[in-house]
Amino acid sequence: MTDPMGQTGLSSRIRLGLGFLEATVAGAMLTVMVGCTVLQVVARFVFQTGLSWTDEVAMFSFIWAALMGAALVINSGGAHRIDTFVNLLPGSVRRAVLALVYAAILAALILLIVYGVKLLGVVHFQRSSILKLNMSFIYVSLPLSAGLMLAAMLLDWRVYLGDGAGDTAGEARNG
C-alpha cells in the first residue's frame, strides 16, 4: 500500500488515518457551517426572525474547518511546494533549500502548539456570548491542528532530508 507521498507500511497507515480524521472533522464542520448559514437565511427571510445562535455556531465551525483543512492539505503534501523554482537548483542547493523549508515549517508548527496550549490556559474560564460554550473547545483547534500538521511533516522527513531530497519531493508530490 502506497500513499500519495510515496510512502508504504506504517507511515502510510498513519498518514491515511490522520487524513481520514482531518477530512472527517473538516467535512463535518463545513456541513454544520453551511447548515447554520442556510438556517439563518431561511429564518430571516421566510420567518422574519433571526436566530442568534447560528452565527456563533457557524463561526466556530469555520475555525475548526479551516484549521483541520490546513492540516489535511499539509498531510496530503499540497501546501508547501515551490517545485518549479526548487527543481531549477543544483542538487546540493536544492537539498539545502528543502531542509530550510522543512526546518522553518517545523519551527512555526512548534510555536503554534506551544502558544496554542498557553492560549488555552488564558481562555479556559471564558464562555462564548450566546451558547455559553467554554472557549477552550474552540481554541483547542489551534494546537490540535498544528500537532496534526507536525505529525505529517515528521512523516515527510525523507522528502526533505533523505537521499535525493529534491527528486523525491517533486516525484512524491506530483504523483
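## Terms and model

Residues are classed by relative accessible area: buried means under 20%, exposed over 50%, and partly exposed in between, with a 1.4 Å probe and protein chains only. The model is predicted: local features need pLDDT of at least 70, side-chain atom pairs count only at pLDDT 80 or more, and totals for chains, interfaces and linings use all residues. Residues are numbered from 1 along each chain as its sequence is written, and side-chain values use heavy atoms, with hydrogens and water left out.

## Overall fold

The protein chain contains 8 helices and 0 strands, taken as DSSP runs (helices H or I, at least four residues; strands E, at least two) numbered from the N terminus. Of its 175 residues, 37% count as buried.

## Nonpolar core

A nonpolar core is a set of buried Ala, Val, Leu, Ile, Met, Phe, Trp, Tyr and Cys residues joined through side-chain atoms within 4.5 Å. The largest has 17 residues, and those with the most contacts inside it include Met-68, Leu-106 and Met-153. Helices H1 (9-45), H2 (52-76), H4 (91-123) and H6 (141-155) each supply at least two residues of this core, with H6 giving the most, 7 residues.

Leaving aside neighbours within four places in sequence, Met-149 is in contact (heavy atoms within 4.5 Å) with Leu-67, Ala-70, Ala-71, Ile-74 and Leu-109.

## Loop residues with positive phi

Most residues other than glycine have a negative phi. Gln-48, in the loop between H1 and H2, has a positive phi of about 50° and is exposed, with a relative accessible area of 61%.

Lys-132 lies in the loop between H4 and helix H5 (136-139). Lys-132 has a positive phi of about 60° and is exposed, at 53% relative accessible area.
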